[in-house]
Amino acid sequence: MGTSSRLLGYVESRKNLTGSACGLAGVGIALTGAAGGLWPLVVTGLYAAGALIAPPERPGTPHFPDADEQLDALRADFATLREYLAEVELPSAARDRLTELDALVEALLEPGWVSDPEHLHVLARAVRQDVPEAVDTFVRTRWWSRVAPGAEPPERHLVRQLSLLHGEMSEIAVALRQAEAIRQEIHTRYLEERGQ
C-alpha cells in the first residue's frame, strides 16, 4: 500500500472525521474569543481528543459465495468432468452406472433444488474428487492388470464405487423430495386453517 493510499485512507477514516468535527468546534470557540491567544492549542487539543474517542475502523465483512454462486461454479466443474469422462474408455457396466450417476447429478444441479450446505458439499466432493479419482484409478489399474493378469478385475471396483456414489446422490434426492412433501403439507394446512 503506497503513501498516498494510506494518506487517503486516513483522510476518510472515522478518527480524522471525528477529530475534524471537534477541531471545527475549537475554531468556533476561538472565534468567540473564549480561547484567547491559546486558540491553536484549543483547536489542536479538540482535534486530538476527537481522534482518540472516535470508534475504531472495522474491516469489511468478507464475502463468501452463496449457494447459487457455489452451484454455478459446481456446474462449470461438472461440465469439465463430463468432457473428461467422454474421452475415457470404460467397460459397458461401468459406463451404464456412470450414465445413471451423471443423470442424477445433473438433475440435482438444476437451479433451485440444492441449497443445503451439506448436500452441496457432498455434490461438490463427488464432482470434483470422487468420480474423477475413481475413473482415473480404474484407468491406471486397468493398464497394470494387462501387464500382470490374474488380479481382481478393476471394473468391479469401479462399478462398486460408482454405485456407492449413486447411493449418496440418491439420498440427497430423497431428502429433497421429503422436504418438498413437507412444504406442500404445511402449505395445505395453512390454506385449510385460513379458510376456517
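Author: Start with Arg-125. Its relative accessible area is 27%, so Arg-125 counts as partly exposed. The cut-offs explain that label, because buried means under 20% and exposed means over 50%. One caution before going on: this is a predicted model.

What does Arg-125 pair with? Its partner in a salt bridge is Glu-168. The closest N and O atoms of the two are 3.5 Å apart. This pair links distant parts of the chain.

Now follow H7. This helix covers residues 154–195, which is 42 residues. From the first C-alpha to the last, H7 reaches 62 Å. That is close to the 62 Å expected at 1.5 Å a residue.

Part of H7 is buried. Its buried residues are Pro-154, Leu-158, Leu-162, Leu-165, His-166, Met-169, Ile-172, Ala-173 and Leu-176. Take Leu-158 from that list. Leaving aside neighbours within four places in sequence, Leu-158 is in contact with Leu-90, Ala-94, Ala-134, Val-135 and Phe-138.

Leu-158 also takes us into the largest nonpolar core, which has 32 residues. Leu-158 is among the residues with the most contacts inside this core, along with Val-105, Leu-108, Leu-123, Val-131 and Met-169. H6 gives the most, with 10 residues. In soluble globular proteins, nonpolar side chains tend to be buried together.

Back to charged pairs. The whole structure holds 9 salt bridges. One of them joins Arg-128 and Asp-77, whose closest N and O atoms are 2.5 Å apart. Arg-128 sits in H6 and Asp-77 in H4, so the pair ties together parts that are 51 residues apart in sequence. Both ends are partly exposed: Arg-128 has a relative accessible area of 43%, and Asp-77 has 29%.

Another salt bridge runs between Asp-102 and Arg-82, with closest N and O atoms 2.7 Å apart. This pair also links distant parts of the chain. Asp-102 is in H5, Arg-82 is in H4, and they are 20 residues apart. Asp-102 is partly exposed at 22% relative accessibility. Arg-82 is partly exposed at 29%, and the pair of Asp-102 and Arg-82 links helix H5 to helix H4.

What of H4 away from these pairs? Ala-86 has its place in H4. At a relative accessible area of 64%, Ala-86 is exposed. Its C-alpha is separated by 17 Å from that of Leu-104, which is 18 residues away along the chain.

Finish at the other end of the numbering. Leu-8 lies in helix H1, residues 3–11. At 48% relative accessibility, Leu-8 counts as partly exposed. Together with Leu-7 and Val-11, Leu-8 makes a nonpolar surface patch of about 280 Å².

Note on methods:
Residues numbered from 1 in each chain as written. Predicted model: local features only at pLDDT ≥ 70, side-chain atom pairs only at ≥ 80, totals over all residues. Heavy atoms only, no water. Helix = DSSP H or I, 4+ residues; strand = E, 2+ residues; numbered from the N terminus. Expected span 1.5 Å × (residues − 1). Buried < 20%, exposed > 50% of the residue type's maximum accessible area, 1.4 Å probe, protein only. Core = buried A, V, L, I, M, F, W, Y, C linked by side-chain atoms within 4.5 Å. Contact = heavy atoms within 4.5 Å. Patch = residues over 30% accessible without salt bridge, like charges linked within 9 Å, V, L, I, M, F, W, Y side chains within 5 Å. Areas by Shrake-Rupley, 256 points an atom, 1.4 Å probe, with all protein chains shown as cover. Salt bridge = Lys/Arg side-chain N within 4 Å of Asp/Glu carboxyl O.
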